[in-house]
Amino acid sequence: MTTIKMAVVGLGKMGLHMIHQAEQTELSKNVEIVAVCDSSEEHLITFTVSHPATKMYTDYKQMLDEHSVDLLYIAVPPKFHYPVVMEALKRQIHVFCEKPLANSVEEAKAMLEAAEKAGVVHAIHFSMPHEPSVVKLRELIEQETIGTIRKIDLILQFPQWPRAWQQNAWITSREQGGFILEVGIHWIHMIQNVFGAIRVVSSQVQYPPNTGECEHEIQAEMELADGTRVQLSGIAHFAGEERVSMIVYGTEGTIALENWDQLLSGPVGQPLGSVEVQESLSQLPVLKHVISRILGKPSRIYDFNDGYQAQLVLEALRNPNQSQS
């Protein structure tokens, strides 16, 4: 049986989570973590306690020089995605990158072109379409349960940003952080995946004055290819509860995906009720699909083109003076 040699760059929350997934029985048959890299020696020292046999590096180029790697998982802050991914592609290594794909549209386009030229598997960690609630949502939309789509509302509300478990320097920065980039990108991709391409019509973003801090508020109007409105309302730093939700209004009813995975639906004029979602609908974890694709088996991955298309919308929202092309 083929064993895929996998290396990881970035030992933060997502890097450790992915290593844990790779070590689960179902996946460990086909993948072996051969090396890890992180700029923090403290992170490496902590990791070595549970993984004393794994080679550890602070320089990802040295790691790739010294190890035969089939798959590289990249879980570093967004502005470092480009150099790490491009180095792997230059060596024709399969790449699995965290979202968003890059730190700009230009970087995302260059990464996509390089990945296609390298002829390797290139995947981005978009997990929402694999979630059972979204699989069920897609099914209800395709069955036209609520008739013709009239409007979609996307609501992103965070009393505290960053949230308690996200305490790091870059996630509060205007350059790499903010809830539009960190959370909104998931929903942008999911909406594009379920409903089709999105175009940003207008966007008003409120940033704190005279700082490099990320946004506090956004109001944006987008539309699908058929002109259906998609409205985004986002705010951070207020008294209340977090809400990350999408409401889809149709001619015959409404479907809501509340707080990521609570699926609700109801006919026009009636209250929304819970929709039963079978856990068996889950297509997670994404790593399973990446491994299957490398092995030439049936899989469902989202590649760098998906990442690029989402990046176009993301940057048009964050930088409304730049045109979306």
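Hi everyone, let me start with the open space: the largest pocket holds about 1,400 Å³. Please keep in mind that this is a predicted model.

Who sits around that pocket? Its lining counts 49 residues, and Lys 13, Met 14, Glu 98, Lys 99 and Glu 182 are the ones nearest the centre. Four helices each supply two or more lining residues: H1 (13-22), H5, H7 (132-142) and H8. Of these, H1 gives the most, with five.

Now to H5, which spans residues 81-90. Its buried residues are His 81, Val 84, Val 85, Glu 87, Ala 88 and Leu 89. What covers them? The cover includes strands S1 (4-9), S4 (71-74) and S5 (94-97), along with helices H4 (60-66), H6 (105-118) and H10 (304-318). After H5 comes Gln 92, with a positive phi near 60 degrees.

On to the packing. The largest nonpolar core has 82 residues, and those touching the most other members are Leu 72, Trp 187, Met 190, Phe 195, Met 246 and Leu 317. The top contributor to this core is H8 (residues 179-195), with 11 residues. A separate core of 24 residues lies apart from the largest one, with Ile 19, Val 36, Phe 96 and Val 286 among its members.

Technical notes:
Residues numbered from 1 in each chain as written. Predicted model: local features only at pLDDT ≥ 70, side-chain atom pairs only at ≥ 80, totals over all residues. Heavy atoms only, no water. Buried < 20%, exposed > 50% of the residue type's maximum accessible area, 1.4 Å probe, protein only. Contact = heavy atoms within 4.5 Å. Core = buried A, V, L, I, M, F, W, Y, C linked by side-chain atoms within 4.5 Å. 1 Å grid on protein atoms, 1.4 Å probe; cavity = no way out; pocket = protein on both sides within 12 Å on 5 of 7 lines; lining within 4 Å. Points joined across faces, edges and corners; volume = space filled by probe spheres on them.
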